[in-house]
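Work through these exercises with the model open beside you. Try each task before you read its solution.

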Amino acid sequence: EAEWEKGKLASWLVTYTNKWKGAGGAAAKGTDFNYCKWVFFGSICAIGAMTFIDDMVDEYTYNDAYTLYALVTHFSAVALILFSTPTSPYGQPRNVIGGHVLSAVIAVVMDSNKEFFGVTQVMMNALAPTTAIGAMTWTGLMHPPAAACCFIFVSGGPRIKNLGYLYIFFPVLLDVGIMLFLALVINNACETRKYPVYW
């Protein structure tokens, strides 16, 4: 019986490690220069707009201590999806909006109630984004950068955490609105692009 179990384990290990070799699909190819021009133009407009707004609101404070900001770093990844792969399911408006709303709400609610959940900050840094990933998967609103939106809040310092529920609307939904508006304008200005695939 021990020999049989040993053979069963060996067989499982061979099958398991063979999966690491890949399924035989082709790697993604590069694109032509014209396509890259539109990716560059869309990305620089979107990230530049958020940077400009961030600079404008920097003089305003909240809670009499912290300056406002409108630039959440993960939005550079959102720009990649919206302008480099605009037909991706992860880049459609319902996923971009829904994924961010879910993740931002989960981040603020869970982080504000660490004592209720009985977890430390270190545990919350893993638990909240994992919950957001699960919620996005369950609802079909997967948008990978939105998981980072959750992590940025729960692992952030006082400046971001003191935003509290405002974080959901400013900067998250503000930035989502800017990104989607520019994705609609710029992607559809190109003859070979059509965005979105669906709402």
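The exercises below concern a predicted model.

**Exercise 1. Find which element gives the most residues to the largest nonpolar core.**

Solution. 
Step 1. Start with the core itself. It has 42 residues. F75, L82, F83, F153, L163, Y167 and M179 touch the most other members.
Step 2. List the elements that give two or more residues: α2 (33-57), α3 (75-84), α4 (93-112), α6 (121-139), α7 (144-154) and α9 (166-187).
Step 3. Pick the top contributor. α9 gives the most, with eleven residues.

**Exercise 2. Decide how α3 runs relative to α9: roughly parallel or roughly antiparallel?**

Solution. 
Step 1. Look at the axes. Those of α3 and α9 come within 10 Å and cross at roughly 25°.
Step 2. Apply the cut-off. Angles under 35 degrees count as roughly parallel, so α3 and α9 are roughly parallel to each other.
Step 3. α3 passes α9 in a right-handed crossing.
Step 4. Name the residues that meet. On α3 they are F75, V78, A79, L82 and F83; on α9 they include V172, D175, V176 and M179.
Step 5. Sort them by class. The contact of α3 with α9 has twelve nonpolar, one polar and one charged residues.
Step 6. Zoom in on F75. Beyond its neighbours within four places in sequence, F75 contacts M50, H100, V172, D175, V176 and M179.

**Exercise 3. Is Y69 buried or exposed?**

Solution. 
Step 1. Locate Y69. It lies in the loop between β2 (66-67) and α3.
Step 2. Check the area. Buried means under 20% relative accessible area. Y69 has 9%, so Y69 is buried.
Step 3. See what touches Y69. Leaving aside neighbours within four places in sequence, its contacts are D54, V57, R159, I160, L163, Y167, F170 and P171.
Step 4. Take P171 from that list. Y69 and P171 are 102 residues apart in sequence, yet 6.9 Å apart in space, C-alpha to C-alpha.

How values were computed:
Residues are numbered from 1 along each chain as its sequence is written. This is a predicted model: local features need pLDDT of at least 70, side-chain atom pairs count only at pLDDT 80 or more; totals for chains, interfaces and linings use all residues. Side-chain values use heavy atoms; hydrogens and water are left out. A nonpolar core is a set of buried Ala, Val, Leu, Ile, Met, Phe, Trp, Tyr and Cys residues joined through side-chain atoms within 4.5 Å. Buried means under 20% relative accessible area, exposed over 50%, partly exposed in between (1.4 Å probe, protein chains only). Helices (H or I, at least four residues) and strands (E, at least two) are DSSP runs, numbered from the N terminus. Contact means heavy atoms within 4.5 Å. Axes are lines fitted to C-alpha atoms, for helices over the stretch in contact, and angles run from 0 to 180 degrees between N-to-C directions. Angles under 35 degrees count as roughly parallel, over 145 as roughly antiparallel, 65 to 115 as roughly perpendicular and the rest as oblique. A crossing is left-handed if the near helix is turned anticlockwise from the far one by less than a right angle, and right-handed if clockwise. Ala, Val, Leu, Ile, Met, Phe, Trp, Tyr, Cys and Pro count as nonpolar, Asp, Glu, Lys and Arg as charged, and the others, Gly among them, as polar.
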